[in-house]
Amino acid sequence: MLNASKNDYDWLGNGMYFWENNQQRALNFATDLKDNPSNKSVIQRSAVIGAIIDMGVCLDLTDASGIKLVLESYETLRSTCKFLGLEMPANKGTHFSNDLLLRNLDCAVIENLHIQRAKNNLRPFDSVKRCFCRGQPTIPKCGV
């Protein structure tokens, strides 16, 4: 049985995360999660399963229209926090990684977008798609 993640620091909001065409990256993630001493994971053995996924209504963050929706959600969240006198969520690093692995801001923006769509009676997103770059560039000062 697969369980959806519901952490307030999940990068693309609540749900299940999959790696497209990258079995090794998925295995690395599961192994890192299992082996991290500060993680209270119940993972006993790292594994990867294959899946055929129908993305349905997808918030595609590799496309300009999806990026625009996220920027609008960010601005709405920022305005709301300011109006209510609340601190804006922030992405944070951890003591074991230089990457910003605790994605509280990212999660809040995506979850806010889901809420805004529901308030406006728009069809909910079934999935979110985004490229994830982690670690050092392959070639210094190069986007390849």
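Q: Hi! Let's start with Cys 131: is Cys 131 buried or exposed?
A: In this predicted model, Cys 131 is exposed, with a relative accessible area of 51%.

Q: And Cys 58, what's its relative accessible area?
A: Cys 58 comes out at 25%, which makes it partly exposed.

Q: How many disulfides does the structure hold?
A: The count is zero.

Q: OK, switching to Ser 127. Where does Ser 127 lie?
A: Ser 127 lies in strand β4, which covers residues 127-129.

Q: Is Ser 127 buried or exposed?
A: Buried: its relative accessible area is 13%, and the cut-off for buried is under 20%.

Q: What does the side chain of Ser 127 reach?
A: It reaches the backbone oxygen of Met 55, at a distance of 2.6 Å.

Q: Which residues does Ser 127 touch, not counting residues up to four places away in sequence?
A: Met 55 is on that list too, together with Val 57, Cys 58 and Leu 59. So the partly exposed Cys 58 is one of the residues that Ser 127 touches.

Q: Now the core. Which residues touch the most other members of the largest nonpolar core?
A: That core has 14 residues, and Leu 59, Leu 61, Val 70 and Leu 77 touch the most other members. The largest share, five residues, comes from α3.

Q: Leaving aside its neighbours within four places, what is Leu 61 in contact with?
A: Leu 61 is in contact with several residues, among them Leu 12, Val 70, Ile 110 and Val 128. Gly 66, Ile 67, Lys 129 and Arg 130 are contacts of Leu 61 as well.

Q: Tell me about α3. How many residues does helix α3 have?
A: Helix α3 has 16 residues, numbered 104-119. From its first C-alpha to its last, α3 reaches 22 Å, close to the 22 Å expected.

Q: Which residues of α3 are buried?
A: They include Leu 105, Ala 108, Val 109, Ile 110 and Leu 113, but also Asn 104, Asp 106 and Arg 117.

Note on methods
Residues numbered from 1 in each chain as written. Predicted model: local features only at pLDDT ≥ 70, side-chain atom pairs only at ≥ 80, totals over all residues. Heavy atoms only, no water. Disulfide = S-S within 2.5 Å. Buried < 20%, exposed > 50% of the residue type's maximum accessible area, 1.4 Å probe, protein only. Helix = DSSP H or I, 4+ residues; strand = E, 2+ residues; numbered from the N terminus. Polar contact = N/O pair within 3.5 Å; in protein donor to acceptor, adjacent residues only side chain to side chain. Contact = heavy atoms within 4.5 Å. Expected span 1.5 Å × (residues − 1). Core = buried A, V, L, I, M, F, W, Y, C linked by side-chain atoms within 4.5 Å.
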